[in-house]
Every structure is written in structure tokens, then in C-alpha cells.
Amino acid sequence: MMDIDHDNPEPTSASGREIILPRDGLPGAIYLIPHEFRPFFPGQAIPLVLNAELWMPTLKAVRDRGDNIIGVVATRDRLQDKPTSKDLFEVGTVCRVHRLHQQDEQIQVLLEGLQRFRIRGWIHEQMPLLAQVRYETEPARTDSDEIKAYAVAIINTIKELIPLNPLYGEELKVFLGRSNPNEPSLLADFAASLTSASREQLQDVLETLPLLPRLEKVLTLLKREVQIATTQMEIRQHVEGEMQGRQRQVFLKEQLKFIQRELGITKDDRTAESEELQARLEGKTVPAKVQSRLDDEFHKLSLLETGSPEFGVTRNYLDWLTDLPWGIHSEDSKDLDAAAAILDASHDGLGDIKDRILEFLGVGIMKGEVAGSILLFVGPPGVGKTSLGRSIAEAMGRSFYRFSVGGMRDEAEIKGHRRTYIGAMPGKLIRALREAGSQNPVIMLDEVDKIGASFQGDPASALLEVLDPEQNQSFHDHYLDVDVDLSKVLFVCTANQLDTIPPPLLDRMEIIRLSGYLAEEKLAIARNHLLPRQLERAGLAKSKLSIHKAALARIIDGYARDAGVRRLDKALGSIVRKVVMQILRGEKPPIRVSAKDVDSYLGLPLHPPEARQYGVGIVTGLAWTAQGGASLPVEATRIHSNARGLKLTGQLGEVMRESAEIAWDYVQAQAEDLGVDPQFFTNAHIHVHVPAGATPKDGPSAGITIATALISLGRGKAPQRHLAMTGELTLTGQVYPVGGIREKLIAARRQGVKQVIVPDANRRDVAEVPSHVKQGLEIHFARTCQDVLKVAFGDGPRPD
């Protein structure tokens with residue numbers, strides 16, 4: 001601790017009687033202290049707080065010289081390190097040290113500005129800074145009219161500043177107590193120190209010695225200061241006016257609360273609960289109609305007793321209404337490359353589906369918003385419909401919410417219950433917005449093809465409003481009883497088939513079909529996604545289990561021939577669990593599973609290798625099922641020749657039976673043209689069977705297959721090997737188009753088929769099938785049954 005106080009700051013002569021003027025007793029070399037913020041003017045008294053470690057050597061050197069004189073110079077910029085001579089301006093103010101007080105790591109110094117000086121040269125350019133200086137002589141006092149006019153203008157401007165800021169009045173009192181206001185030079189320096197001008201502007205005033213130019217510059221700075229102070233006063237008055245109005249409201253409300261509390265008509269917990277609900281609305285943009293309803297309900301809540309049933313109903317209603325994300329929207333990502341990377345990381349295969357999704361996102365980016373569209377993913381179970389929806393949300397940077405509408409029979413699940421019922425709640429869409437926390441999430445409606453209906457209403461009809469971009473901007477939930485904007489929500493629906501979806505609902509959706517995976521795609525999915533996930537679930541390190549590629553191929557072919565990958569996932573899970581048991585029983589890892597080991601882990605194959613049937617009256621058809629495409633072998637044989645007839649077995653549906661009868665009648669009527677002896681069917685009793693009799697089968701696409709089987713039987717000639725076909729046959733021999741072409745082609749590749757016959761009207765469907773699906777298939781298009789026979793039996797040139 002060091003204290004130095006000087007009670008007599010003015011230096012005196014040796015006799016102690018003659019006063020020495022500041023410029024007469026100042027040394028030619030002085031120590032310097034930089035000032036970072038603004039220049040220091042003569043006539044000012046300024047307290048400085050300095051770093052003791054940095055500046056104590058300088059101050060001790062000043063004290064040791066005995067004159068207590070030090071120079072203060074403004075820096076050109078903020079200091080980043082110890083100051084040097086290059087950091088300082090050339091003109092500063094010489095000061096006398098009046099008081100120096102050190103406490104802890106800081107020094108408090110009180111300085112009095114005496115006179116301007118200019119640095120002539122440096123004695124020591126590093127700390128402590130020591131320079132030779134020349135003191136600038138203040139201009140002699142003059143009584144010119146121009147200087148008087150400027151001085152009066154400056155005084156009047158200072159008078160304008162005093163009412164705007166009381167601090168100016170305090171500084172003016174200090175100045176009048178220490179200086180003569182009739183000295184224009186001191187007045188100019190004092191006025192400059194009042195302003196909030198920049199460091200460069202004030203340094204310019206300090207370096208200006210001629211009195212008249214200095215007065216001009218100071219007056220300009222003062223006028224600008226008046227403008228700033230006036231603007232600040234106006235802003236302050238405006239804010240204070242608003243604050244006073246709010247404070248008055250708060251004061252009156254507090255008085256009302258106190259009066260109500262004294263009268264026993266209010267309770268603190270109710271007030272606190274109301275304020276908590278109102279606090280949820282901060283930062284939200286609530287529509288005017290909704291805000292009006294909120295105000296009414298909050299007023300009602302303030303009047304109800306907490307024990308009344310109506311209080312609980314109103315409180316629950318406000319809980320839902322205030323917790324919705326009014327006006328909160330998440331910003332969509334506009335990076336298509338990042339979106340593509342997310343889709344590739346989460347899904348192998350499905351290249352055409354990914355391209356279609358990226359096209360959809362690209363249109364939204366070009367438009368400025370991805371809204372007003374409803375996607376419908378249609379495909380067999382396990383092909384990744386739900387995970388695709390989650391990936392879309394991740395790619396867009398939106399929150400994701402999923403709920404299933406399968407088996408839903410009450411429209412209140414969609415539109416909510418009316419508040420008149422006990423236990424009423426909003427519909428699932430309002431709950432989705434609350435959970436998502438924004439008004440533009442991705443909401444997935446799962447299993448829309450399995451939605452039901454009952455006496456309680458039709459949920460599918462309720463979804464018509466939700467999924468219509470022209471209506472859902474004012475979706476009306478029965479519980480909330482206010483309009484909610486769903487137009488910014490991206491709806492993604494999933495279904496296994498389209499037949500059970502009401503046409504008006506289907507019309508509002510953009511359909512994207514997911515047909516299934518090829519064996520190569522399943523192999524990649526198993527290695528990149530399914531197996532790592534099963535290892536993580538079992539807590540098994542990747543280094544402890546290795547499943548060979550051939551083993552994965554055997555699992556796919558023998559145990560997981562479905563269109564999706566769920567059976568494959570279950571099979572891998574079963575192997576991982578058995579491997580865990582082996583390790584726990586003492587077998588040393590790593591454990592390698594080869595193709596020959598698969599049977600020991602999973603048992604005999606669910607789909608053992610089957611020899612494709614080949615012979616007279618045997619033809620392979622292709623069918624579509626909800627689980628994807630499948631092969632459909634058809635067998636025809638003549639039982640006897642005692643009586644003409646047709647017997648159909650294999651649990652065929654009504655439409656398929658009609659297709660068989662059409663094929664039977666067409667072959668009999670056109671037998672000679674088809675290369676069949678007309679007498680063959682005269683008394684023949686024909687039996688047509690479709691194997692796997694326990695599985696129901698239906699649809700018109702087996703028409704040409706059954707006809708080809710009958711023609712093969714009549715000719716006594718087997719069709720070509722590795723051939724499959726699909727198409728509807730008419731009585732005139734025309735081949736009509738059928739659906740599910742992609743799934744059927746996938747099934748054909750899975751069965752090792754080399755040639756496929758499809759209706760000529762399905763050319764567009766074939767063109768839309770990805771090239772990797774058609775790879776290895778020779779596809780023939782047929783307009784008539786004669787075109788089918790050219791391929792099946794080589795009758796003449798083949799069709800295009």
C-alpha cells in the first residue's frame with residue numbers, strides 16, 4: 001500500500017512567496033502515460049485507474065524527480081500490448097499529479113491538465129516512456145468581435161445542453177469554480193471535453209492552436225451534441241411515457257389483487273397459474289382471433305373458483321392453447337447435396353425414389369417453401385417407407401412426428417372432441433404440432449390404407465380437410481374451436497396398397513411407389529445397416545462377429561425372400577443372439593459365420609431351392625401381392641375324354657375364375673388358329689390348378705398364362721424354359737394391361753427368369769422401371785395372344 005497526497009498542488013519558489021506559472025516550471029523531458037479512450041484537455045481534472053504492475057515504474061520515476069509532472073497522450077487505437085512510441089499521437093497535455101493511491105493491483109491517480117505539448121523526440125521509446133517535448137504557448141487573449149461571438153455561441157449551446165442532461169450542469173459548476181469563463185481558450189477546451197465526439201475529432205481540437213479555428217470546430221461538435229441529446233431526450237420521454245402507462249396498469253392490477261384478496265374472491269395459486277400460462281405466449285405470434293379467445297378464457301379463469309369443475313376445464317383448455325407453437329417455424333435447409341447425403345446414409349438402393357424425393361425438395365427450394373404437398377409412399381411392408389419420411393425431415397431440418405391411422409374409427413382422433421364431453425382432448429394433429437414445437441413439421445400418417453369407419457364417424461372423410469392445401473390453412477379442431485394453420489406442414493403418408501384408400505383422399509396425394517429390394521440391394525442393406533444395428537443392440541463389438549458375404553446371400557435367398565428387409569433383420573438378429581450365447585459359454589471371438597453355417601443358426605431354409613417346373617401344360621405367371629411381386633405357376637392337364645368340362649383349383653378368386661373361363665372359351669373357339677386340334681377339347685375334361693392352394697389368389701393378370709397352359713396341353717408341346725408372363729386376355733384374343741409391373745419384374749429376377757412377356761400397353765410402366773431391375777431380363781410386349789405364342793413356342797417372328 002502506497003499513499004502520496006499533496007495538499008499544496010501549486011509549486012512555489014524557494015522563498016515560498018512567488019507563484020510560478022505552469023509553463024515557467026515545466027521540465028523539457030517528461031514521462032508519458034497513454035490514454036486509450038479520448039484526449040485530455042488543459043484545465044481538466046481527471047482520475048485514472050492504472051495497472052500497478054505496468055505503470056508503477058513510471059509513477060515512481062515521476063515521484064523520484066520531485067516535480068510530479070507527467071504527460072498524458074491519446075493512443076491512435078486500442079492497445080493490445082504494452083504501448084510504444086508508435087502508438088501515440090504527437091500532441092498531448094502535461095499534467096500535475098495530485099493524488100496517487102495504490103490498492104491491490106490497481107493505482108488510482110488524480111491528474112490536473114496544465115498545458116499542451118508536442119513531442120520533439122524520444123529518449124526512451126519503451127516503457128517507461130520518456131520524451132523531449134515542446135510546450136505550445138496558448139494564444140494571447142484577444143477581444144475581437146468574432147471570437148466574442150463564438151464564445152457567446154458556445155456558452156448558449158452549453159445552456160441548451162444543461163436541461164437535456166443534468167450531468168452537463170455539474171461539469172459546468174466544476175469549470176466555473178476552477179477557471180475563468182471569460183478565457184476563450186479554456187472555454188473551448190472545456191466545451192470540447194463535454195462532447196461525446198470521437199477520439200480523432202477531439203485530438204484534432206487539441207492539436208489546433210489558433211483560437212478562432214478551434215472555436216469553430218468546438219461549436220460544430222457542440223451543435224451535434226445538442227442534436228444527439230435532444231434525440232435521446234425524446235426517446236427517453238417516449239419510453240418513460242409507455243413505462244408510466246404500464247406501471248399504472250401494474251399498480252392498479254396489484255391494488256385490485258389486494259382488494260380481491262382481502263374480500264376472499266381470489267387466491268394466490270390461481271394467479272400464479274394464470275401468469276405461468278400467459279408466460280408461454282412470450283415470443284409467439286398469436287393470431288388476433290386466437291388472442292381474443294385467450295383473453296376471454298383468462299378473464300373467465302380469474303373469476304372461477306379453483307374447486308369448481310369449470311375451472312379445471314378452462315385451465316386444461318388454456319394449457320393446450322398456450323402451448324401450441326403459434327408463429328414458430330423452423331428454417332428449411334436448402335442444401336440438396338446434404339439432403340442427398342442424408343438419404344444415401346440412411347437407405348441403400350431405392351435410387352429412383354431418392355431422385356424423386358430430391359426433385360420434390362428442389363421444387364420447394366426454388367419456390368421458397370416446401371408446403372402444400374402431400375406425399376404417399378406405397379409399397380410392401382419393410383421397404384423403408386417410415387424411415388424415408390424421417391430422413392426427409394432430417395434433410396429439411398424440420399422436426400418429425402409420426403402417428404398411425406390404421407384401425408382408426410373415430411373422427412375425433414383427427415378433429416378432437418368438443419369441450420362439452422368429459423375427458424375431451426384435441427385431435428392427433430394438434431398434439432403433433434405441440435410435440436413438434438413448430439408450425440411446419442413433417443407429420444407422417446402411417447397405414448392410411450387401413451383406416452376404418454364406424455357409427456362414431458369416418459376418419460378418412462375428416463382427413464380430407466387436413467390433406468387439402470386449400471382448406472388446411474384454417475383447420476378447425478373441435479376442442480380448440482379456433483382455426484389452426486396447417487398449410488406449412490409437410491404430410492407424408494404410407495400405405496401397402498391403394499385399393500382401400502377412398503378416391504377423394506387419394507386424389508389429394510402425390511404417389512411414390514416403393515416396390516421392394518433386389519437381392520443385391522438387400523445384401524448392401526444387411527452389411528451397412530441391419531447387421532451393425534443388431535450388433536449395437538446386443539452390445540457386441542464388430543470385431544467379434546464376421547458374417548461372410550456368401551452367408552448373407554444364403555440368408556437372403558433361403559430365409560428372406562420378402563420384398564422388404566424385416567425377415568432379413570430378424571434372421572440377422574437371431575444369428576447375433578446365438579453368437580452372444582457362444583461367447584458367454586467360453587468360445588473365443590472372433591466368430592465367423594460362413595454359408596455352410598447358416599443352417600445351424602437358423603434351421604432349414606424357409607424357401608428351399610426349388611426346381612422350376614417345366615413341361616407340357618405348365619407355364620409360369622407373375623402376380624402382384626401386398627408383400628410385393630411373386631411367381632404364379634399354372635398347371636393344366638386332361639383328366640379324361642368322357643365329357644367336356646373345366647375344373648379349377650388353387651383357391652382362386654372370382655375374377656381369376658372368370659379369367660380362366662375366358663381363356664378356356666377363347667382356346668376352344670380359336671383352336672385351329674392357335675395350332676391346336678379342334679377335336680382335342682371336344683370331349684376333354686381339363687383340370688387347371690394354381691399351386692399353393694392354401695393361399696388365396698385373385699386378379700385378371702393370369703389370363704394369358706392360363707391360355708398358354710391350355711394351348712401347350714392341346715399342342716402337346718412345352719413352352720420355352722425360363723419364361724414368365726402376365727396380362728389380361730379378352731374373348732377376342734386381345735392382351736390388356738395389368739398393374740404391378742415393377743414388382744412382377746423384381747419377382748421374375750428373383751426366380752431366375754430370363755424372358756418376360758407383358759402387355760404392349762404397359763410399355764410406359766416398363767420404361768419407368770430402373771435399368772438395374774431389368775438387367776438380365778429380355779422383355780417382350782404382346783398385343784394379342786398370337787404375340788404370346790410367338791415367344792412361348794417360337795411361332796414365327798417375335799413381337800417387338
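Which residue in β20 is the bridge partner of Leu-648? The legends below take up this question among others, and they describe a predicted model.

**Figure 1. Overview of the predicted chain and its secondary structure.** The chain, shown here as a predicted model, contains 26 helices and 25 strands. Of its 800 residues, 46% count as buried, and the chain exposes about 40000 Å², of which carbon and sulfur atoms supply 50%. When contacts between residues at least 6 apart in sequence are considered, 73% of them join residues that are at least 24 apart.

**Figure 2. Close-up of the paired strands β19 and β20.** Strand β19, which covers residues 645–649, and strand β20, which covers residues 685–689, pair in the parallel sense over 5 bridges. Within this pairing, Val-688 in β20 is the bridge partner of Leu-648, which settles the opening question, and Ile-686 in β20 stands opposite Leu-646.

Figure 3. Strands β19 and β20 pair in the parallel sense. Helix α21 has 16 residues and reaches 23 Å from its first C-alpha to its last, a span close to the 22 Å expected at 1.5 Å a residue. The buried residues of α21 are Met-656, Ser-659, Ala-660, Ala-663, Trp-664, Tyr-666 and Val-667.

Figure 4. Once residues up to four places away in sequence are set aside, Ile-555 touches Ala-560, Leu-568, Ala-571, Leu-572, Ile-575, Val-598 and Leu-602.

Figure 5. Ser-274 is found in helix α7, which covers residues 268–279. With its neighbours within four places in sequence left aside, Ser-274 is in contact with Phe-298 and Leu-301. Why does Ser-274 count as buried? The relative accessible area of Ser-274 is 15%, and Ser-274 therefore counts as buried, because that term applies to residues under 20%.

Conventions. Residues are numbered from 1 along each chain as its sequence is written. This is a predicted model: local features need pLDDT of at least 70, side-chain atom pairs count only at pLDDT 80 or more; totals for chains, interfaces and linings use all residues. Side-chain values use heavy atoms; hydrogens and water are left out. Contact means heavy atoms within 4.5 Å. Two strands pair if DSSP finds at least two bridges between them. Helices (H or I, at least four residues) and strands (E, at least two) are DSSP runs, numbered from the N terminus. Buried means under 20% relative accessible area, exposed over 50%, partly exposed in between (1.4 Å probe, protein chains only). Accessible areas come from the Shrake-Rupley method with a 1.4 Å probe; for residues, only the protein chains shown count as cover. The expected span of a helix is 1.5 Å times one less than its number of residues.
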